[in-house]
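Thanks for coming. Please have the sequence and the model open while I talk.

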Amino acid sequence: MKEHVQHLKDEEVNILLNDLLEQYGYDFTDYSFASVKRRLQRVYINDRFPSFAEFRYRVIKDSTYLTYLMEQITVNVTEMFRDPAFFLALRKQVLPVLATYPFIRIWHAGCSTGEEVYSMAILLKEMNLLHKSVIYATDINESVLEKARKGIFPLAYMQQYSQNYLQSGGQHDFSQYYAANYEYAKFSESLSEKIIFAAHNLVTDRSFNEFQLIVCRNVLIYFNKELQDKVLHLFSESLEQLGFMALGAKETLRFTTVAPLFKPLAQKEKIWRKIAT
């Protein structure tokens, strides 16, 4: 007999989101409801809860399960040098400008497990800029930050990452940046020593520095329009005059209230520059 799959109702999703807010302070109110519901539904089915009540009880009472659930809701799938054309645009159009600064501060918001942060560090190293740079890599999710800090990724992914690297303008042997150990690749500490990984909630936390480049790719697509606008204002306030901002392939400044503050630098690659005021 075919197993009956239970689906979460909208009101059940709202109850759970309210629990997360009241019990733990995680605010998903302004996230895309359809996206959050889809992710919760996947967990609910995969973990075979017989009822919503038991699912809810587990989330409230089991802190380990809560951490897992948060990872499922917020984790951002990524890879090294994802969208090579984007990293090529950084290499050719953004970093040569940043090279003229005495010190470079970069904020990578929503960094997930860190693959794109290490990619940025490699770019900076190849342009002889890493020594005068610091990358602040933040995410709401502590468990993915812990993975990112370790800089350890499956060795099986390295072939794809190497191809991405070469397509993004890389001219060296990609394997020089990591040490292979059994099934894993550990990236060099010469990269990670210039990266500060820290928890930061784009919904509730404020700006914490002034940056020349802010990268936040494929995070805003999970937010509704109001929250997107709020976060984009946070980024604008956190950028120096003439600073650069980079978003994901499906994200845009069009129809946002910050659009007049920026001019497109590389439209296809979603890189903007803040207009001097």
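Which strands make up the open sheet with antiparallel pairing, and in what order? The order is S3-S5-S4, three strands in an open sheet. Strands here are DSSP runs of E, at least two residues long, and helices are runs of H or I of at least four, both numbered from the N terminus. Two strands pair if DSSP finds at least two bridges between them.

Before going on, a word on the source. This is a predicted model, with local features needing pLDDT of at least 70 and side-chain atom pairs counted only at pLDDT 80 or more, while totals for chains, interfaces and linings use all residues. Residues are numbered from 1 along each chain as its sequence is written, and side-chain values use heavy atoms, with hydrogens and water left out.

Three bridges hold the antiparallel pair of S3 and strand S5 (residues 184–187). In that pair, Pro 154 has Tyr 184 of S5 as its bridge partner.

Pro 154 also takes us to the largest pocket, being one of the residues closest to its centre, along with Thr 113, Glu 115, Lys 147 and Tyr 157. A pocket is an open set of points on a 1 Å grid over the protein atoms alone, where a 1.4 Å probe fits, with protein on both sides within 12 Å along at least five of seven lines; lining residues have an atom within 4 Å of a point. The lining has 17 residues, and S3 gives the largest share, three residues. Helix H4 (63–74) and helix H7 (142–150) each supply at least two.

Now for another part of the model, strand S7 (residues 211–216). Is S7 mostly buried or exposed? Six of its six residues are buried, meaning under 20% relative accessible area with a 1.4 Å probe, protein chains only. Val 215 takes part in both pairings: it is the bridge partner of His 108, and it stands opposite Ala 246 in S8.

Conventions
Buried < 20%, exposed > 50% of the residue type's maximum accessible area, 1.4 Å probe, protein only.
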